[in-house]
Structure formats: C-alpha cells, structure tokens
Amino acid sequence: MVSTTTTPRTNRRGITILEVITSLVLLIGIGTMVLSAFGYIERAAARDRIRLAGYEATHRIILQFIDDPDSIRNAQFRGDPVLVNDYEFGFELTEDLLVSETNDSGAVVGTVQEEFDLETLLSNKLKLIRVRVWLNERKAGYAPEQTVASIERIYNIMNNPENLLKYLREQTAEMRDNQ
C-alpha cells in the first residue's frame, strides 16, 4: 500500500480577495481626496479672480471720479454697473473732506467732515474717497450685494484745477441763492 500524504503548500502565489478589496478601498479614498483638493483649489482660484477684478473696478471708479466727478455724482454715488473681465460689479462711492485739527497733545490729526464750507475746503484741500464694489449676481460663493473689494484713497483737490474751479462756482452760486 502506497501512502499518500498531502503536505500544505506554503509558497502560494497570488493575492486573496480581501487584499484586493482593501487595496481598492484605499485607492478610491486617495482618489477622492485628490479630486476634492483640486475642486477646492479651483473654487479658491475663482474667488481670487473675482476679488482681483473687484479691486480693478474700484481703481477704475476712483480714477474716473478724480478725472470727472460729475460722471459719478450724477449716478447718486451708486452708479451703473462696472464690467471687468466678464464680471458685473455694482459700486458705492462716498466722498468726505479731511480736516486737519490739533488734538490735546498738540499733534495734528485728520478728521472726516461730511459738511463743510468754502473756507474749510480751501484751507484743508484733502478729500477721502471710499469705494465699495459687489457682484450683481451670485458667483463663486459671493452673494449679491456682498462686498468683494473696498478701497479708501486720499487725494488733493488742488491737483485738478478744473474740478476746483467747478466746485468754487457751485459754492458761490449756492451762497448767492441763500442770500
């Protein structure tokens, strides 16, 4: 009689189904993380493009206001939309006079004064312009009317003689009308 004994194989080649499933789950998890990171980067880039266009719009508005204040004033300081890089921005502009005053310690400080007379204007000469822009439609997480960019600039009204003369004419006309 021939005896047949079976010896277990210890050198088996291949992988089990459990190893295949584990490796697939890990691969899917890593792929999901990579794709979500790319999505986040794209959304952040879109918000940055909108914010950059918003700051460009604020600078355009300030330059237009300094060049021709009536073009903005006629729009009640809330003007027609500004189009920059296919984004439509609404804006709000405010203008205040900076008045130099001496505080208790003797230092000269600038304070904002909304109402002013001709003498105050001529003695101080600096104005503060504030511009706030927003998207007119919902994009990249920005809600309508949510501020995208805002800038404040100080400018010397004596740098543009035409605007100063126009302002002086308006003030003298108002003084004559009030008398």
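Visitor: In which helix is Met33?
Guide: This model is predicted: local features need pLDDT of at least 70, side-chain atom pairs count only at pLDDT 80 or more, and totals for chains, interfaces and linings use all residues. Residues are numbered from 1 along each chain as its sequence is written, and side-chain values use heavy atoms, leaving out hydrogens and water. Helices (H or I, at least four residues) and strands (E, at least two) are DSSP runs numbered from the N terminus. Met33 has its place in helix α1.

Visitor: Is Met33 buried or exposed?
Guide: Buried means under 20% relative accessible area, exposed over 50%, and partly exposed in between (1.4 Å probe, protein chains only). The relative accessible area of Met33 is 55%, so Met33 is exposed.

Visitor: What is the area of the nonpolar surface patch that includes Met33?
Guide: A patch takes residues with over 30% relative accessible area and no salt bridge, nonpolar side chains being joined within 5 Å and like charges within 9 Å. A salt bridge is a Lys or Arg side-chain nitrogen within 4 Å of an Asp or Glu carboxyl oxygen, and areas are Shrake-Rupley values with a 1.4 Å probe. Ile30, Met33, Val34, Leu35, Phe38, Tyr40 and Ile41 make this patch, which covers about 790 Å².

Visitor: Is Trp134 buried or exposed?
Guide: Trp134 is found in strand β4, residues 126-135. The relative accessibility of Trp134 is 4%, so Trp134 counts as buried.

Visitor: What share of the contacts with a separation of 6 or more joins residues 24 or more positions apart?
Guide: Contact means heavy atoms within 4.5 Å. Leaving aside residues up to four places away in sequence, Val133 touches Ile61, Phe89 and Val148, among others. Across the protein, the share for residues 24 or more positions apart is 62%.

Visitor: What pattern do the helices and strands follow along the sequence?
Guide: The protein has four helices and five strands. Read along the sequence, their pattern is α-α-β-β-β-α-β-β-α.
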